[in-house]
Amino acid sequence: MTETAISSRDNPIFKRLKKLAESARARREARMTLLDGDHLLAAYLDAGGEPHTLVRAASFDTGSFEQWAVRCPHAKLIVLPDALFAELSPVATPTGMLGEAAWLTPPAIDTTPLVVVLEDIQDPGNLGSMLRTGAAAGATLAVLSKGCHDPWSPKALRGGQGAQFVLPLASGIDLVEWLGQFEGESLALALGEDNSLYMRPLAGALALIVGNEGAGISRSVCEAASATVRIPMRGKIESLNAAAALAVAVFEAARQRAV
């Protein structure tokens, strides 16, 4: 195993990795990102990807890193001092290993559309969690508005735990325009409606719309949807958070499709 040791912040490789860690524009232009930890790396490999670069902190176990190097024979191997590695990590307690990897484009899923439509989801953990939920429920596509956080950011990837590698994504979308062209029913999940989600058939071509964590779904997107529905709640709580609401709705659709 031949590693390249980097100790300076001025090194061009470190600068490139730092931009990928911090800049959505850099990720978008390069169509590259950073994968944090062995779980994401394994999911990436399982989806058919191969990292361009493997990076370890100096304190990371050499034997474990060598095993990953064997699985990624074409990857360049980099070792960084722990302090420099921490500057690339999306978490306060770094895992000790990162992969520099190209975005994957999953093949289209050829079945009745079940689309997750997300408007202005700005928290990367929430966004990743929603994509993970959609993928787990069998969603065929995730459509993200222009105001959503970058789904390929390291924090969103951690939240998604591999969802971005298997769920087709459409980002930076004008949702009103997209909904106008969707050949199926589109349901906006909102409060204060008499129309219960559970009273609707959800087995056909369907788009489920969830809005911003605080503001909810915009009026223009609600008006572009086929209908606005609510999730009935028996308890004395005003609302569910966006990720929980999506989970309830998309798994109800999955349940109906399994009947």
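Q: What makes strand 1 and strand 4 (residues 76–80) a pair?
A: Strands, which are DSSP runs of E with at least two residues, numbered from the N terminus, pair if DSSP finds at least two bridges between them. In this structure 2 bridges join strand 1 to strand 4, so the two strands meet the definition. They run parallel, and A5 has V79 in strand 4 as its bridge partner. This is a predicted model, in which local features need pLDDT of at least 70, side-chain atom pairs count only at pLDDT 80 or more, and totals for chains, interfaces and linings use all residues. Residues are numbered from 1 along each chain as its sequence is written, and side-chain values use heavy atoms, with hydrogens and water left out.

Q: Why are strand 1 (4–5) and strand 2 (32–36) called edge strands?
A: The open sheet to which they belong has 5 strands in the order 1-4-3-5-2, with mixed pairing. Strand 1 and strand 2 each pair on one side only.

Q: Which strands does helix 1 (residues 12–22) touch as it packs on this sheet?
A: Helix 1 touches strand 2, strand 3 (53–57), strand 4 and strand 5 (97–102), where contact means heavy atoms within 4.5 Å. The direction of helix 1 makes about 85° with that of strand 2. Helix 3 (residues 38–46) also packs on the sheet, touching strand 2, strand 3 and strand 5, with its direction at about 30° to that of strand 5.

Q: What makes strand 8 and strand 11 (227–229) the edges of their sheet?
A: The open sheet of 6 strands has the order 8-7-6-10-9-11 and parallel pairing. Strand 8 and strand 11 each have a single partner strand, so one side of each is left without a neighbour in the sheet. Neighbouring strands are turned by 25° against each other on average, direction ignored.

Q: How do you know that strand 9 (residues 185–189) and strand 10 (residues 206–210) pair?
A: They share 4 bridges in the parallel sense, and E185 stands opposite L206 in strand 10. Helix 6 lies across strand 6 (114–118), strand 7, strand 8 and strand 10, at about 170° to strand 6.

Q: Why are helix 6 (residues 124–137) and helix 11 (residues 242–258) called roughly parallel?
A: The two helices pack at an angle of about 10°, with their axes 9 Å apart. Angles under 35 degrees count as roughly parallel, and helix 6 and helix 11 are therefore given that name. Among the residues that meet are S129, M130 and T133 in helix 6 and L246, V250 and F251 in helix 11. The contact residues divide into 10 nonpolar, 2 polar and no charged.

Q: Which residues that line the second largest pocket are closest to its centre?
A: The pocket has a volume of about 370 Å³. Of its 22 lining residues, the closest to the centre are W103, D150, P151, W152 and S171. Helix 2 (24–30), strand 7 (141–145) and strand 8 (169–173) are the elements that give two or more residues to the lining, and strand 8 gives the most, with 4 residues. By class, the lining has 12 nonpolar, 6 polar and 4 charged residues.

Technical notes
Axes fitted to C-alpha atoms, helices over the stretch in contact; angles between N-to-C directions. Parallel < 35°, antiparallel > 145°, perpendicular 65-115°, else oblique. Nonpolar A, V, L, I, M, F, W, Y, C, P; charged D, E, K, R; others polar. 1 Å grid on protein atoms, 1.4 Å probe; cavity = no way out; pocket = protein on both sides within 12 Å on 5 of 7 lines; lining within 4 Å. Points joined across faces, edges and corners; volume = space filled by probe spheres on them.
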